[in-house]
Amino acid sequence: MIERHLLKLRARDTVSPEEEQAIRDSIAEVRTFGADEILIHAGRVLSFSILLLEGILCRYKDLSDGQRQITELHVPGDFADLHSFTLKRLDHNIMTITPCRVAIVPHEKLEQITERLPHLTRLYWFTTNMDAAIHREWEVSLGRRSAVSRIAALFCEMKLRLEVVGLTDGLSYDFDITQTDLAECVGLTPIHVNRTLKDLRERGLVQFKSGRVTIHDWKGLVEVGEFDPAYLYLEKWHL
Amino acid sequence: MRWAPMARYFLNINNGGGYSEDPEGQELENLDAARAAAIEGVRSLLSEEARQGQLDLSGKIEIADADGNILLVVPFSEAVELRQPG
């Protein structure tokens, strides 16, 4: 059940059998959700964190005029809100993009891990730092990059993150999000995303169709997206 | 929460960059909301053009229903008010 989570962790560090068992034992229950369901509302006091097993989740904030900004996407193997263990409430919402299967990890269990397993604790600290690194990369995209570069960078990021957890097929992967969701990730409108995808397709870089990304020119896409995977901390992994 | 789905509108783009069909459409309340989405989309496209030093107002957005019937055409020029010297 936690195989993808272990793949994510082991791409960066070791996980001992004892640590692996502690992670398995920390799961209280598994729940399934449909697409577009809000799992966590900002401000609510939380007693558990969510480990994503299948599907795509997002962190997002709503604006008063009805706009939404997605601030990070989560792939299987990610904790969506390990930070709620220390923050206790979130300053953003968490929603499913596709149907999802998630494991519920009570904060009490995480507390036991921090008391008993210092290396695993540091590894979890590392993963929340990596979420912060992903946020910084998105901040750069949203603040400075062109439309075509923002989408190229996102497709590159998702390719690597999904590859780490065994969910790519060479240069293509399932990415069942709508153009509206995509627009909410990159701070554009669905029309602008549609036009930008056409541009990327016609330049022979990447095709996004029917919930699947197919990269035709990885080097070219990396260049357009100014994608530097350093922020994903994969030095120990076979890139 | 996302608003209650009422109807699916397809916002196809036709401008200097060619024709882009909207492959999936958007659930919107009514044609007014679809027009507002089209205007917002055009402004987003034009803002990127302006940043690159050009502005092509000759395009249009076709708003179609699920059967492909064109319900409304929104010219890019309707999305912005232009004031020029003199």
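**Close-up views of a predicted two-chain model**

View 1. The model scores ipTM 0.89 and pTM 0.94. Because the model is predicted, local features need pLDDT of at least 70 and side-chain atom pairs count only at pLDDT 80 or more, while totals for chains, interfaces and linings use all residues. Residues are numbered from 1 along each chain as its sequence is written, chains are lettered from A, and side-chain values use heavy atoms, with hydrogens and water left out.

**View 2. The interface of chain B and chain A.** The contact (heavy atoms within 4.5 Å) involves 21 residues from chain A and 23 residues from chain B. The buried area, meaning the accessible area (1.4 Å probe) that two parts lose on being put together, summed over both, is about 1800 Å², and carbon and sulfur atoms give 47% of it.

**View 3. The side of chain B that touches chain A.** Strand 1 (7-15), strand 2 (18-20) and helix 1 (31-51) of chain B each give two or more residues to this side, where helices (H or I, at least four residues) and strands (E, at least two) are DSSP runs. Helix 1 of chain B gives the most, with 8 residues.

**View 4. An open sheet in chain A.** The sheet has 4 strands in the order 8-9-11-10, with antiparallel pairing, for which DSSP must find at least two bridges between two strands. Strand 8 (168-169) and strand 10 (206-209) of chain A each have a single partner strand, so one side of each is left without a neighbour in the sheet.
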